[in-house]
Each structure stands twice: as structure tokens, then as C-alpha cells.
Amino acid sequence: MISTERVDRLRAVVARVAASHGLDIFDVQCRREASGWVVRVVIDRPAPPDGRPEGLDEAVGIEDCQRVSQDFGALLDVEDDLTSWLPGGYTLEVSSPGLDRPLRHEADYRRFAGRLAKIVTETPIDGQSAFAGRLSGIEHGEVLLTEGRRVHRVPLAKIRRGRLDVEF
């Protein structure tokens, strides 16, 4: 089991690297997989400062991942104490949250207004616990999700998980 302190230290270092490129950290994981240890970093763009919904053209690109991977990888190579606790070396993966990114906080539901999403609740709401539709805002602690002509009002406190849905 990897201590939280070690992962938090990696997170702090990669957060500085990402910030130098105008990016945020969405997630950092260290996992033992069949191929060996994997340090997985998911980078993201900060939410628009004016609170407007984010467009598809503002997503993290391959070049962003490449820059963070090169800079963070160089730091990991130089500062042995960051990864010396990973026996047998590691593989560094840097990626974006993806088109079907998880929605974690109220700000995410605001940020991606207008996009398709799927939401699962802890308990049924009017007999329904799985919702799909277009995010249309937040009102009084409820996510508004438009499905056809119907607008679902899903309390944030009851959401187990939410995820953007891919549009083609």
C-alpha cells in the first residue's frame, strides 16, 4: 500500500509543473499493474474565470500532456526520493480527463452547461436513479438536466456519480 503522503508529494510536484503550463491537476494515482508500477497523472484546464461554460476547443490537448510529461518526467529522473519507493521503476502516464470526464463538484456542472451528461443518484428520485440529458444549469442545489421536453431536477447531495457523455 502506498502512503497518502507519498502520493500527495508527487501531486504537489506535478501541480507546480502543470501550473507552469497554465494547467491544473485532475488526479494523480500510483498503482501496481501487470506491467509494473504506473504513475498516472490526469491534467485539466482551469475552469474559465468568468464562470461561462467551457467549449470543446478549450480541452486539454496532446501537446499539453506531452509538455507536462517531459517536465515532470525530468524531475522524477533527477529527484530520486520522489520515486525510490517504487521498486523496479515505473511508467509515467499523463492524460486528460477525456471527453467522458467525471463530474465531481457543483462547479463542474456549471462549467459544462450545455453538454450531454449521465447522472446516477444514491437513491431514486421520483422512482428514477439514472438520468441522461443536457446539463442546463444549477438552481437551489439541484442540477438541471434536460431530456427532451422534460427537465430533471437532481439534488447535488444525492448524486453518486456524474459523467459527461460523448457527442458525435
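**Figure 1. Helix α1 passes helix α2 in a right-handed crossing.** A crossing is right-handed if the near helix is turned clockwise from the far one by less than a right angle, and left-handed if anticlockwise. The model is predicted: local features need pLDDT of at least 70 and side-chain atom pairs count only at pLDDT 80 or more, whereas totals for chains, interfaces and linings use all residues. Residues are numbered from 1 along each chain as its sequence is written, and side-chain values use heavy atoms, with hydrogens and water left out.

**Figure 2. The axes of α1 (residues 4-20) and α2 (residues 62-78) come within 9 Å and cross at roughly 135°.** Each axis is a line fitted to C-alpha atoms over the stretch in contact, and angles run from 0 to 180 degrees between N-to-C directions. The two helices are therefore oblique to each other, a term for angles that are not under 35 degrees (roughly parallel), over 145 (roughly antiparallel) or 65 to 115 (roughly perpendicular).

**Figure 3. Residues of both helices form the contact of α1 with α2.** Leu10, Val13, Val14, Val17 and Ala18 of α1 meet Val68, Asp71, Phe72, Leu75 and Leu76 of α2, where contact means heavy atoms within 4.5 Å. By class, nine of these residues are nonpolar, none is polar and one is charged. Ala, Val, Leu, Ile, Met, Phe, Trp, Tyr, Cys and Pro count as nonpolar, Asp, Glu, Lys and Arg as charged, and the others, Gly among them, as polar.

**Figure 4. The largest pocket is lined by 13 residues.** A pocket is an open set of points on a 1 Å grid where a 1.4 Å probe fits, with protein on both sides within 12 Å along at least five of seven lines; lining residues have an atom within 4 Å of a point. Leu103, Arg160, Arg161, Gly162 and Arg163 lie nearest the centre of this pocket. Strand β9 gives the most to the lining, with five residues. The lining comprises six nonpolar, two polar and five charged residues.

How values were computed: Helices (H or I, at least four residues) and strands (E, at least two) are DSSP runs, numbered from the N terminus.
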